[in-house]
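Biologist: I'd like to learn how to read a model like this one, feature by feature. Could you walk me through it?

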Amino acid sequence: MDLDIINEEKQEKALLIAVDTGDYDAEVSMAELGELAKTAGAEVVGEMIQKRPTIEAAAFVGKGRLEEIAEFCENNDVDLIIADGELTPVQVRNIEDRTDTRVVDRTTLILDIFAGRARSKEGKLQVELAQLKYSLPRLTGKGTSLSRLGGGIGTRGPGETKLESDKRHIRRKIQYIKEELADVEKRRNMQHSRRKKNGVQVVAIVGYTNAGKSTLMNRLTDAGVLQEDKLFATLDPTARKLYLPDGQQIMIVDTVGFISRLPHQLVDAFRSTLEEATFADVILNVCDASSDECHNHIRTTNEILEGLFDDGIIPVPVINVFNKCDIAQTAEDKIYFYGSGSPCVKISAKTGEGVDELLLAIQNALPQTRKRVKLLIPFDKGSVAAKIRQDGVVHSEEYTENGLVIEATAEISYLDTIKDYII
C-alpha cells in the first residue's frame, strides 16, 4: 500500500501547521517536521503555529487561523498542508474543503518516508502493516453512493457497502501480514538462539535518526550501509562482524532510527526490528553532539528502549556515544551536563576520532569471556597451540626446552580445559 503523498516528479510546496498546547516544545517539533518534509521531497514554503489550550476538534486549528491558512495557500500556490500531529478524517476533510489543498498529518508523512526507505521483505511488510492499521479507522464512506447490491439467493437487499467491504479487505490484509511477520520473527529468534549457543556477543547501535549510526557502522566494519543527511536514511537492520582490540570477534547490529513522538503504529510494526536491541549484550545510544536537542534525543531513545522490555528496565550496559564531535564545540560540556551513570564516549564517526576509545569501552562493557594468560604448552600438544592461534590473540611466543611459552588472550571457557598449562 503506497500512500504516495509526495509527488516525485515535481517538488511540491508544503505549508507546515501546528497547534502549541504546551505538551511539548512546538518549535523543536516543527523544525523536525520540516526535516521530515524535506526528506519526503517537499519544499517547505511556510510554517504556522497557533497557541491554543486544546486542539480544535473540527479543523485542528481555530476558525481564524484556518482562514489565514487558506489565504496563504492561495497566494503561494501551496500543494500540500502537513499538520504536526495526528488528524481525524473530519479534520482532514474540513481543512481540505476550506483551503482546496491536500492535507496529511505527521504520521502519514513518516509512513510515506518509511515506505520509500524499506528494502527488505520484512521492512516492506512492517511499513504496509503500519499504513493499513493507521488507515483502517480513517476510512470514511460517502453515503448510499457506495452501496452495492449482492447477487444470488440470500443476498438481496441493500447489501454490503463499499466502506464495509474495504474495511473487511484491510482486516484480511492485516492478518495476512501479521502471519508473514510471525514467520520472519521465528527465523530471527532461531538466529538469536544460534548466536547465543555459539557464544557470539552482540552490540546494538540505536539512537535518534540522522545521528550518524550508519556512518559509525561503516567506520567500524566497512559495512557499506547507505549514508545520507536525511531522516530515516536506513530502515532495515544490518549485522556485521567486528573485532575488538583484544581480538575478540563480536556482532554489531544497526537498527532503525528513533524520533520524538514516534507514532505508536511504527513502534508496534517495527517492534521485531527494534527488538534486536533486546538481544544485545551492550547497547550504543548514538546522539548528535552538535544538536541543541542532544540530551532530549538520548532521553527519547532510552524511553523507547525501556518500552521494549517487560519491566521497563534496560538490563544490559548502555554506552552513550556523542557523535559529530568534530563539529560540536561543546561536546565535553554536553557529556558533563548529561551526568548519567552510563559510560559516555566522544567520537566523530566521520573522521574516526575517538573510535579506539569507543572500542575499548565496548570491550570493557561486554561480559568477560576472555582472559590474558601465559601458557607453557608441551611440544606434543601442538593442537592446543593451534587452537590458541586460531581463536585467540597471541601476544608473544617463545620456544624453550620445556615447551612452547605463549602469552595470549583466549576464551575463558577454553582456558578451563587447558588450565594445567597455565603458568
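This is a predicted model: local features need pLDDT of at least 70, side-chain atom pairs count only at pLDDT 80 or more; totals for chains, interfaces and linings use all residues.

Biologist: Which parts of the chain does the pair of Glu 12 and Arg 102 link?

Modeller: Distant ones: Glu 12 sits in the segment before strand E1 (13-20), while Arg 102 belongs to strand E4 (residues 102-105), 90 residues apart.

Biologist: And is Glu 12 buried or exposed?

Modeller: Glu 12 counts as buried because its relative accessibility is 7%, and the cut-off for buried is under 20%. Arg 102 has a relative accessible area of 32%, so it is partly exposed.

Biologist: How many salt bridges turn up in the whole structure?

Modeller: A search of the whole structure gives 13. Take another one: Arg 106 pairs with Glu 32, and their closest N and O atoms are 2.5 Å apart. Again distant parts of the chain are linked, with Arg 106 in helix H4 (residues 106-117) and Glu 32 in helix H1 (residues 26-40), 74 residues apart. Arg 106 and Glu 32 are both buried.

Biologist: Which residues do salt bridges with shared partners join into one network?

Modeller: Glu 32, Asp 84 and Arg 106.

Biologist: You mentioned H3. How do I read which side of a helix faces inward?

Modeller: Start with the geometry. An α-helix has 3.6 residues a turn, so residues three or four places apart point the same way. In H3, the residues Gln 91, Ile 95 and Thr 99 are buried. Looking down the axis of H3, you find its buried residues within an arc of 40 degrees, so they line one face of the helix.

Biologist: Which elements do the buried residues of H3 pack against?

Modeller: They pack against E1, H2, strand E3 (80-83) and E4.

Biologist: Where is Lys 324 placed, and what is its phi?

Modeller: Lys 324 is in the loop between strand E9 (318-323) and helix H11 (331-338). Its phi is positive, about 65 degrees, although Lys 324 is not a glycine. Lys 324 is buried, with a relative accessible area of 19%.

Biologist: How do I describe aromatic rings that come together?

Modeller: A pair of aromatic rings is described by the distance of the centres and the angle of the planes. The count here is 1 aromatic pair. The rings of Phe 379 and Tyr 399 have centres 6.3 Å apart and planes at 10 degrees, so this pair is stacked; planes under 30 degrees apart count that way. Phe 379 lies in the loop between strand E11 (370-377) and helix H13 (382-391), and Tyr 399 in strand E12 (residues 393-400), so the pair ties together parts 20 residues apart in sequence.

Biologist: Are Phe 379 and Tyr 399 buried or exposed?

Modeller: Both Phe 379 and Tyr 399 are exposed. For a charge at a ring, look at Lys 387, which lies over the face of Tyr 414 at 5.4 Å from the ring centre.

Biologist: Finally, how do I read the chain as a whole?

Modeller: The protein chain has 14 helices and 13 strands. Of its 423 residues, 48% are buried. Among contacts with a separation of 6 or more, 69% come from residues 24 or more positions apart. The chain exposes about 21600 Å², and carbon and sulfur atoms supply 47% of that area.

Conventions:
Residues are numbered from 1 along each chain as its sequence is written. Side-chain values use heavy atoms; hydrogens and water are left out. Rings of Phe, Tyr and Trp (its six-membered ring) pair if their centres lie within 6.5 Å; planes under 30 degrees apart count as stacked, over 60 as edge-to-face and the rest as tilted. Helices (H or I, at least four residues) and strands (E, at least two) are DSSP runs, numbered from the N terminus. Buried means under 20% relative accessible area, exposed over 50%, partly exposed in between (1.4 Å probe, protein chains only). A charge sits over a ring if NZ of Lys or CZ of Arg is within 6 Å of the ring centre and within 35 degrees of the ring normal. A salt bridge is a side-chain nitrogen of Lys or Arg within 4 Å of a carboxyl oxygen of Asp or Glu. Contact means heavy atoms within 4.5 Å. Accessible areas come from the Shrake-Rupley method with a 1.4 Å probe; for residues, only the protein chains shown count as cover. The arc is that of the directions from the helix axis to the C-beta atoms.
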